[in-house]
Amino acid sequence: MVNSSQNGRQDLDLTSFSATGGAPVEWRISDTPVPYPDAVAAMEARVAEIAAGQAPELVWLLEHPPLYTSGTSGKATDLLDSRFPTFATGRGGQLTYHGPGQRVAYIMLDLKRRRPDVRAYVASLEELILKTLAAFNVRGERREDRVGVWVKRPDKGEAHEDKIAAIGVRLKRWVSFHGIAINVEPELEHFAGIVPCGVADPRYGVTSLADLGQLATMQDVDIALRQSFEELFGPTRALLPEATA
């Protein structure tokens, strides 16, 4: 494991992602599960509009029906049980699970205007998750050799840790999309169909707020997520809840 003093993601300056001027970031919440292909198509269209200066930036909060996605580093051998549909996707990372009880945040920001630094942007998404979890008294941590946010689990054994949130990012013309997924109260057994994010070490599992004894609702998480986002990225403007894009 890389020490945080060795120029890791924890040392990056994350203060310059809050843009000055421009419209607030639109904040959209879908209140019914969104099929994955529909979400990707909507993101692709919105990213093109943002890059062309035809639409404001957007954060889209949603849940998916149960499914697996495979990023650009995904390996076929990491799919252990094809119980749910699997979608190849252009985001970074390997295989992950999405499903009810997991808050997915698709984040579409113009990094060319804000700060064209992919590594710092990924670190800022980690910081967004850390701040959100802290609102529920959960201490999440970065790991230099593993993307995402982790929680120590001494109750499971020495050096055991569980992943509570995943990150997968793609850029097109310096506009970001895909984003983060926080496990609020998903069915954790569904992760058993894959090697999550390629991490096979038995000391490293998957957890959720509910699994940690935090009885937070999805609305509670959304409120904390929005407050943390505004601290890092600037003001937002809420849109009415909607079922689709």
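How many cavities of 30 Å³ or more does the count come to? The structure examined here is a predicted model, in which local features need pLDDT of at least 70 and side-chain atom pairs count only at pLDDT 80 or more, while totals for chains, interfaces and linings use all residues. Residues are numbered from 1 along each chain as its sequence is written, and side-chain values use heavy atoms, with hydrogens and water left out.

The count comes to one cavity of 30 Å³ or more, a cavity being a set of points, on a 1 Å grid over the protein atoms alone, where a 1.4 Å probe fits but cannot get out. Strands β9 (161-172) and β10 (175-183) each supply at least two residues of the lining, with β9 giving the most, four residues. Strands (E, at least two residues) and helices (H or I, at least four) are DSSP runs numbered from the N terminus. The lining of the largest cavity divides into eight nonpolar, three polar and one charged residue, where Ala, Val, Leu, Ile, Met, Phe, Trp, Tyr, Cys and Pro count as nonpolar, Asp, Glu, Lys and Arg as charged, and the others, Gly among them, as polar.

The largest pocket holds about 380 Å³ of space, a pocket being an open set of points with protein on both sides within 12 Å along at least five of seven lines. Of its 25 lining residues, Arg91, Gly92, Gly93, Ile167 and Gly168 are the closest to its centre. Strand β9 gives the most to this lining, with five residues. The lining of the largest pocket comprises twelve nonpolar, nine polar and four charged residues.

Helix α3 (residues 118-134) has 17 residues and reaches 24 Å from its first C-alpha to its last, close to the 24 Å expected at 1.5 Å a residue; the expected span is 1.5 Å times one less than the number of residues. Twelve of the 17 residues of α3 are buried, so the helix is largely enclosed by the rest of the structure. Buried denotes under 20% relative accessible area, exposed over 50%, and partly exposed in between (1.4 Å probe, protein chains only). At the start of α3, a side-chain oxygen of aspartate 117 comes to within 3.2 Å of the backbone nitrogen of arginine 119.

The largest nonpolar core has 37 residues, of which Ile107, Tyr121, Leu125, Ile180, Leu209 and Phe229 touch the most other members. Such a core is a set of buried Ala, Val, Leu, Ile, Met, Phe, Trp, Tyr and Cys residues joined through side-chain atoms within 4.5 Å. Helix α3 contributes the largest share of this core, eight residues.

Serine 30 is found in the loop between β1 and α1, and aspartate 31 also lies in the loop between β1 (25-29) and α1 (36-51). Serine 30 is buried, with a relative accessible area of 4%, whereas aspartate 31 counts as exposed at 53% relative accessibility. The side chain of serine 30 makes a polar contact with the side chain of tryptophan 60 (2.8 Å). A polar contact is a pair of N or O atoms within 3.5 Å; within protein, one must be able to donate a hydrogen and the other to accept it, and residues adjacent in sequence count only if both atoms are side-chain atoms.

Technical notes: 1 Å grid on protein atoms, 1.4 Å probe; cavity = no way out; pocket = protein on both sides within 12 Å on 5 of 7 lines; lining within 4 Å. Points joined across faces, edges and corners; volume = space filled by probe spheres on them.
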